[in-house]
Amino acid sequence: MPHSEWHWDQGPIGRLVKTGYITLRREIEQMLRPVGLTHTQWSALGVILHFPGITPSQLEQILMIERPSVTSLMNGLESRGLIVRRSSPEDGRSKQIFLTDAGKKLAEETQHFAVVLEERVKQGMTEDEFETLRSLLIKLVKIFGQP
């Protein structure tokens with residue numbers, strides 16, 4: 001069978017969505033490398049910044065990662081002094097996650113990376129195209145009843 005050239009821009013919509021996501025993720029990872037964060041760590045810090053006291057199960061849902069990954073993520077952030085876990089006042093068995101001063105500082109210093117990346121995307125398309133892309137991605141997620 002002759003070898004044919006692969007074209008990333010052809011094929012099923014799922015592959016295109018994944019390719020788009022990976023492209024954006026690689027860009028954000030380049031911005032994060034100098035501050036020593038992974039994409040998932042950065043995302044977690046941003047979520048905790050906006051939702052102090054969030055629980056691991058809530059973080060699992062928002063970040064769309066499995067429980068063992070949340071535990072590993074929290075262990076890493078805690079060992080770097082970026083978060084603390086405290087028992088919930090309502091249920092001592094449940095933990096809540098808070099940023100330390102260092103974690104808050106890092107989250108605040110890097111939260112604009114999302115805006116920078118979005119501006120780069122906007123440079124490559126019209127405002128109408130950007131809004132259409134955004135609304136179609138939202139519609140795609142809703143079709144499957146997610147998240």
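Where is His-39 found?

Guide: His-39 is found in helix H2. One caution before the details: this is a predicted model. Every value below was computed from that model.

Start with burial. The relative accessibility of His-39 is 15%, so the residue counts as buried. Now the neighbours. Leave out residues up to four places away in sequence, and His-39 touches Tyr-21, Arg-25, Ile-28, Glu-29 and Leu-32. Helix H1 covers residues 13-32. H2 itself covers residues 39-50.

H1 also holds Gly-14. Gly-14 is partly exposed, with a relative accessible area of 45%. Gln-111 lies 97 residues from Gly-14 in sequence. In space the two are 28 Å apart, C-alpha to C-alpha.

Back to H2, now as a packing partner. It meets the buried residues of helix H3, as do helix H4 (67-79) and strand E2 (95-99). H3 runs over residues 56-63. Its buried residues are Pro-56, Leu-59 and Leu-63. Looking down the axis of H3, these residues fall within an arc of 55 degrees, so they line one face of the helix.

Met-64 follows the helix, and its phi is positive. The angle is near 60 degrees, in a residue other than glycine. Met-64 sits in the loop between H3 and H4. The residue is exposed, at 59% relative accessible area.

Along with E2 and helix H6 (113-123), H2 is included in what covers the buried residues of helix H5. H5 spans residues 101-110, and its buried residues are Gly-103, Leu-106, Ala-107 and Thr-110. Down the axis of H5, they fall within an arc of 100 degrees, so here too the buried residues line one face. The face turned away from that buried side carries Asp-101 and Lys-105, both exposed.

Next, the strands. Val-84 has its place in strand E1 (residues 83-87). Val-84 is partly exposed, with a relative accessible area of 27%. Beyond its neighbours within four places in sequence, Val-84 is in contact with Glu-78, Gln-96, Ile-97, Phe-98 and Thr-100. Take Phe-98 from that list. It is 14 residues from Val-84 in sequence, yet their C-alpha atoms are 5.4 Å apart. The loop between E1 and E2 contains Gly-92. At 52% relative accessibility, Gly-92 counts as exposed. Its C-alpha atom is separated by 20 Å from that of Ile-48, 44 residues away along the chain.

Now step back to the whole chain. The protein chain has 7 helices and 2 strands. From the N terminus on, the order is α-α-α-α-β-β-α-α-α. The radius of gyration is 18 Å, well over the 15 Å that the globule rule gives for 147 residues, so the chain is more spread out than a compact globule. Along the principal axes, the C-alpha trace spans about 60 × 35 × 30 Å.

How is the chain divided between inside and surface? Buried residues, His-39 among them, make up 27% of the 147 residues.

The chain carries 18 positive and 18 negative side chains. The centres of the two sets lie 6 Å apart.

So much for the tour; His-39 in H2 is where it began.

How values were computed:
Residues numbered from 1 in each chain as written. Predicted model: local features only at pLDDT ≥ 70, side-chain atom pairs only at ≥ 80, totals over all residues. Heavy atoms only, no water. Helix = DSSP H or I, 4+ residues; strand = E, 2+ residues; numbered from the N terminus. Rg over C-alpha atoms; globule rule 2.2 N^0.38 Å. Buried < 20%, exposed > 50% of the residue type's maximum accessible area, 1.4 Å probe, protein only. Lys, Arg positive; Asp, Glu negative; His and termini not counted. Charge placed at Lys NZ, Arg CZ, Asp CG, Glu CD. Arc of directions from axis to C-beta. Contact = heavy atoms within 4.5 Å.
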